[in-house]
Amino acid sequence: MRRDLVVVGASAGGVEALRTLVAELPPDLPAAVVVVLHMPSGGSSALPTILSRSGPLRAFSALDGTPLQHGRIHVAPPDHHVVVQDGVLRLSKGPTENGHRPAVNVLFRSAAAAHGPGVIGVILSGALDDGTAGMASIKSRGGLAVVQSPSDAVYSGMPESVLHHVDVDHVLPVAKIGALLAGLAAEPADLAEVAPVSDVLRMEVDVSRDDAGAGFGDVRRVGSPTTFTCPDCAGSLVEIPGEGTRYRCLVGHGWTAEALLDAYAGSLERAMWTALRTLDEKVTLTRRMATHSRDAGRELVAERYVKQEEEAVAAAEVLRKYLLRGGVREETGT
């Protein structure tokens, strides 16, 4: 077996990194390349066109059942996971991971399960810790890990997270990764100590392939229940064993601890803006009711409304100052 499958993950700042990477790939690369760039779910993606114009290899939007072909770049389409299965790419509308579909972790895990030591994983610019769990799966099956130097990335979060949690084989600027991949793809893979596919890895790959999600039994069989809830569906989250702290809900949505914290911060901020709007409306209403009470000669009633107005004004002022200085994001570190 040769290392003939290159899987690449990127997020924020990833387009420019991908352009630089593919520009340095040789036209006769003896490997298939599959790319996941985290992107909005709606509309279409111009990434295949951009990458085709950036280097010698043609890039195509992946279709369900597309065979993996050497010397070709397969790009995940918006709102679809790309899963490696039996030498072809399958598209899935399975549960999101860290709020993303397509997701880097989904591609990396499926490649590790299907192709073992023949996989080379590449992590480029991006925020948070997306791709770390998937890269750990690649390494556990004998594949290689390549990471863009954090100092070279527009957003260093993803590269730094992989470096912190995974035994990485190569760290270098993105302009040098293309030449490295050309050399690695020509090498035979080491089959001496390839670990079997674990129950956890098999379950997580199945979740991504199955549009219905994990089902109730599988997730709880391999993980431990928690009191946390899923930001996507409000279902209970189960902690998944393995590298880093990860969670899945009973229908399959996946979260790392860092992404979950960021999602909770977003939910809290939205709730606080809703509270601020409600307080402002209360100020307006109590002020109007106080005026009506005075006009009707009910001065004591008007005073009660004035007191409620003053309390709402004070609370709204505190909340507004907190929100406008970014308090939620600062305190959660996101």
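Me: Which way does helix 9 cross helix 10, left-handed or right-handed?

Reply: Helix 9 passes helix 10 in a left-handed crossing. Left-handed means the near helix is turned anticlockwise from the far one by less than a right angle, clockwise being right-handed. Helices here are DSSP runs (H or I, at least four residues; strands are E, at least two), numbered from the N terminus. It's a predicted model, so local features need pLDDT of at least 70, side-chain atom pairs count only at pLDDT 80 or more, and totals for chains, interfaces and linings use all residues. Residues are numbered from 1 along each chain as its sequence is written, and side-chain values use heavy atoms, with hydrogens and water left out.

Me: What's the angle for helix 9 and helix 10?

Reply: Roughly 155°, with the axes of helix 9 (residues 257–295) and helix 10 (residues 299–324) coming within 8 Å. Axes are lines fitted to C-alpha atoms, for helices over the stretch in contact, and angles run from 0 to 180 degrees between N-to-C directions. That makes helix 9 roughly antiparallel to helix 10 (under 35 degrees is roughly parallel, over 145 roughly antiparallel, 65 to 115 roughly perpendicular, the rest oblique).

Me: And how do helix 3 and helix 7 cross?

Reply: Their axes come within 9 Å and cross at roughly 125°. That makes helix 3 oblique to helix 7, and the crossing is left-handed.

Me: Which residues in helix 3 and helix 7 meet?

Reply: Val106, Arg109, Ser110 and Ala113 in helix 3 meet Leu201, Glu204, Val205 and Ser208 in helix 7, where contact means heavy atoms within 4.5 Å.

Me: Switching to holes: what lines the largest cavity?

Reply: Arg109 and Glu204 are among the lining residues, along with others including Arg246, Tyr247 and Trp255. The largest cavity has a volume of about 40 Å³. On a 1 Å grid over the protein atoms alone, a cavity is a set of points where a 1.4 Å probe fits but cannot get out; a pocket is an open set with protein on both sides within 12 Å along at least five of seven lines, and lining residues have an atom within 4 Å of a point. Points are joined across faces, edges and corners, and a volume is the space filled by probe spheres set on them.

Me: What volume does the largest pocket have?

Reply: About 250 Å³. It's lined by 17 residues, with Ser137, Ser140, Ser198, Leu201 and Arg246 nearest its centre. Helix 4 gives the largest share of that lining, four residues.
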